[in-house]
Amino acid sequence: MDKTIGSHSVVKALRAAIVTALIILVSLAASADAANPVPGLTGIPVIEDEFDGALSSLWTGIGYSGGDFQKFAKLEGGALRIVVPQGSGLGRTGIVSAAPLFTVSQAMKFDPVRILVEFDQSATDNIVLALGAVKDPNAWKLPNLWVFWNRIAGTDSSHFGISSIQGEGDYRTNSQKKGRPVPHYLLLTVWPGKAELKDPDTNESFDGSYTWLKEGASVYFYVFANPIMQGSPAKMAVKSIRVYGAVR
């Protein structure tokens with residue numbers, strides 16, 4: 001056998017392998033980009049739910065203090081849609097993760113958990129995202145992290161911020177603002193002991209430290225409609241929830 005011919009065959013095989021590898025890498029990158037609708041958000045979702053059809057086993061419906069999941073919530077048009085009528089008390093209606101969404105780990109220092117929630121802006125005006133150490137319909141009464149976006153009825157003003165029952169977090173007295181758009185996406189990034197809330201479209205952000213988010217802590221995730229004032233109406237439409245990072 002001619003050694004030169006053999007060498008050419010090896011080179012061709014190596015080139016073919018490199019081309020194949022590049023095609024795979026490009027395809028993976030394209031898939032990751034397609035899965036990440038927000039610029040700068042990298043990686044492939046560990047959890048992804050687009051609320052198309054019945055409620056996934058990932059979630060449990062909740063209603064608290066006038067809230068009622070069976071009455072006020074429905075899955076329709078590719079979204080979890082909740083309409084809380086006036087006179088329903090606190091009217092908290094939404095979902096909580098059926099099991100802890102993640103456990104705080106050392107790996108999160110370098111690969112934080114990122115929770116991206118997508119809303120139908122036309123059907124959303126009073127919402128809460130929350131992290132809790134315990135699964136309980138009254139998510140406020142226990143160690144928590146509390147994200148709020150509330151439209152002041154009949155005005156162009158809204159409240160937006162991050163807080164907790166422990167008094168930790170970045171709740172600013174100037175959280176009220178005129179002309180703030182209803183969020184299309186909210187991004188919550190969690191490291192051990194701290195978190196950041198961001199509206200990726202406006203770049204408005206809040207952050208805070210949370211002592212209960214320590215390594216080993218199991219964390220439940222909530223999203224629900226929540227009127228700014230007791231007895232006021234509220235609505236929320238969640239189109240998707242994507243979770244990235246060191247979830248397990």
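# Salt bridges, cores and pockets in a predicted model

Aspartate 136 is buried, with a relative accessible area of 17%. Here buried means under 20% relative accessible area, exposed over 50%, and partly exposed in between (1.4 Å probe, protein chains only). The structure is a predicted model, in which local features need pLDDT of at least 70 and side-chain atom pairs count only at pLDDT 80 or more, while totals for chains, interfaces and linings use all residues. Residues are numbered from 1 along each chain as its sequence is written, and side-chain values use heavy atoms, with hydrogens and water left out.

## Salt bridges

Aspartate 136 has lysine 141 as a salt-bridge partner, at 3.5 Å from N to O. A salt bridge is taken as a side-chain nitrogen of Lys or Arg within 4 Å of a carboxyl oxygen of Asp or Glu. Lysine 141 is partly exposed, with a relative accessible area of 48%.

| Pair | Closest N and O atoms |
|---|---|
| Glutamate 76 and lysine 74 | 3.4 Å |
| Arginine 242 and glutamate 118 | 4.0 Å |

In the pair of glutamate 76 and lysine 74, glutamate 76 is partly exposed at 42% relative accessible area, and lysine 74 is partly exposed at 46%.

Arginine 242 forms a salt bridge with glutamate 118. This pair links distant parts of the chain, 124 residues apart: arginine 242 lies in strand β16 (residues 234-244) and glutamate 118 in strand β7 (residues 113-119). Strands (E, at least two residues) and helices (H or I, at least four) are DSSP runs, numbered from the N terminus. Both arginine 242 and glutamate 118 are buried.

## Nonpolar cores

A nonpolar core is a set of buried Ala, Val, Leu, Ile, Met, Phe, Trp, Tyr and Cys residues joined through side-chain atoms within 4.5 Å. The largest such core has 48 residues, of which Phe102, Ile115, Leu131, Leu188, Phe221 and Ile241 touch the most other members. Strand β16 provides the largest share of this core, five residues. Another core lies apart from it, with ten residues that include Val96, Ala130, Ala139 and Tyr222. In soluble globular proteins, nonpolar side chains tend to be buried together.

Beyond its neighbours within four places in sequence, phenylalanine 221 is in contact (heavy atoms within 4.5 Å) with several residues, among them Trp59, Ile95, Leu101, Ile115, Leu131 and Ile241.

## Pockets

Pockets are found on a 1 Å grid over the protein atoms alone, as open sets of points where a 1.4 Å probe fits, with protein on both sides within 12 Å along at least five of seven lines; lining residues have an atom within 4 Å of a point. Grid points are joined across faces, edges and corners, and a volume is the space filled by probe spheres set on the points.

The largest pocket has a volume of about 280 Å³. Among its 16 lining residues, Trp146, Phe148, Asn150, Asn226 and Ile228 are the closest to its centre. Strands β9 (144-151) and β10 (157-163) are the elements that give two or more residues to this lining, and β9 gives the most, with three residues.

The second largest pocket holds about 160 Å³ of space. Its lining includes Val38, Leu41, Arg114, Glu196 and Lys198, and β12 (185-191) and β13 (194-198) each supply at least two of its residues.
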